[in-house]
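Student: Please take me through this structure by question and answer, beginning with the terms required.

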Amino acid sequence: MYDFALSAADSPTLYRDLADAADAVTQGEPDGIANMANVAALVWQALPDLNWAGFYRMDAAGKTLVLGPFQGKAACIRIPLDKGVCGAAAASGEVQLVADVHAFPGHIACDAASRSELVVPVIHDGKVIAVLDLDSPTPGRFSAEDAEGCTALCARIADRLTA
């Protein structure tokens with residue numbers, strides 16, 4: 001049983017603590033799906049004002065994202081790389097920080113309550129293997145610090161998130 005006390009003193013400390021917790025909970029576990037599940041739960045616990053937190057995994061053909069472990073309401077199961085914020089992150093390999101999802105061309109509304117989104121590609125051996133997707137009901141919820149912290153988290157444990 002893991003019990004992590006994550007500090008919310010400031011963003012750098014919070015994200016350092018979150019990455020340390022994710023590192024600890026995934027250490028030595030070879031199953032990427034199990035590791036994604038625990039990381040999604042940690043993110044859900046650590047970050048305030050989310051209505052969805054989880055992963056979409058790249059399919060074997062590299063053309064579609066498939067729903068992975070998450071916390072929140074039921075979600076879209078498959079996302080083509082040319083659709084939505086997750087598709088844009090996976091196709092470009094770049095973080096997508098969207099203050100207003102309704103202004104994002106091709107946004108996929110899995111939960112109508114979502115207003116802002118942060119999607120971070122998980123890159124392993126130079127390839128996008130998944131994305132970490134965070135949604136919030138608050139417009140402009142995510143900052144550059146959130147993007148930086150989640151990027152560092154994904155980079156630190158990417159080798160443990162392979163399926």
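Tutor: Helices (H or I, at least four residues) and strands (E, at least two) are DSSP runs, numbered from the N terminus. This is a predicted model, in which local features need pLDDT of at least 70 and side-chain atom pairs count only at pLDDT 80 or more, while totals for chains, interfaces and linings use all residues. Residues are numbered from 1 along each chain as its sequence is written, and side-chain values use heavy atoms, with hydrogens and water left out.

Student: Which glycine follows α3, and what is its phi?

Tutor: The residue after α3 has a positive phi. It is glycine 93, with phi near 75 degrees.

Student: Which elements do the buried residues of α3 pack against?

Tutor: Buried means under 20% relative accessible area, with exposed over 50% and partly exposed in between (1.4 Å probe, protein chains only). In α3 the buried residues are Gly84, Val85, Cys86, Gly87, Ala89 and Ala90. Their packing partners, by contact (heavy atoms within 4.5 Å), are β1, β2 (64-72), β3 (78-80), β4 (96-98), β5 (116-124) and β6.

Student: Which element gives the most residues to the lining of the largest cavity?

Tutor: On a 1 Å grid over the protein atoms alone, a cavity is a set of points where a 1.4 Å probe fits but cannot get out, and lining residues have an atom within 4 Å of a point. The structure holds 1 cavity of 30 Å³ or more, and the elements giving two or more residues to the lining of the largest cavity are β1 (52-58), α3 (84-92) and β6 (127-136). The largest contribution, 3 residues, comes from α3.

Student: How many residues of that lining are charged?

Tutor: Ala, Val, Leu, Ile, Met, Phe, Trp, Tyr, Cys and Pro count as nonpolar, Asp, Glu, Lys and Arg as charged, and the others, Gly among them, as polar. The lining holds 9 nonpolar and 3 polar residues, and the charged ones number 4.

Student: Is arginine 160 buried or exposed?

Tutor: Arginine 160 lies in the segment after α4 (144-157). Because its relative accessibility is 16%, arginine 160 counts as buried.

Student: Which side chain does arginine 160 join in a polar contact of 2.7 Å?

Tutor: A polar contact is a pair of N or O atoms within 3.5 Å; within protein, one must be able to donate a hydrogen and the other to accept it, and residues adjacent in sequence count only if both atoms are side-chain atoms. Beyond four places in sequence, arginine 160 is in contact with residues including Ala22, Thr26 and Asn35. The partner in the 2.7 Å polar contact is aspartate 23.

How values were computed. 1 Å grid on protein atoms, 1.4 Å probe; cavity = no way out; pocket = protein on both sides within 12 Å on 5 of 7 lines; lining within 4 Å. Points joined across faces, edges and corners; volume = space filled by probe spheres on them.
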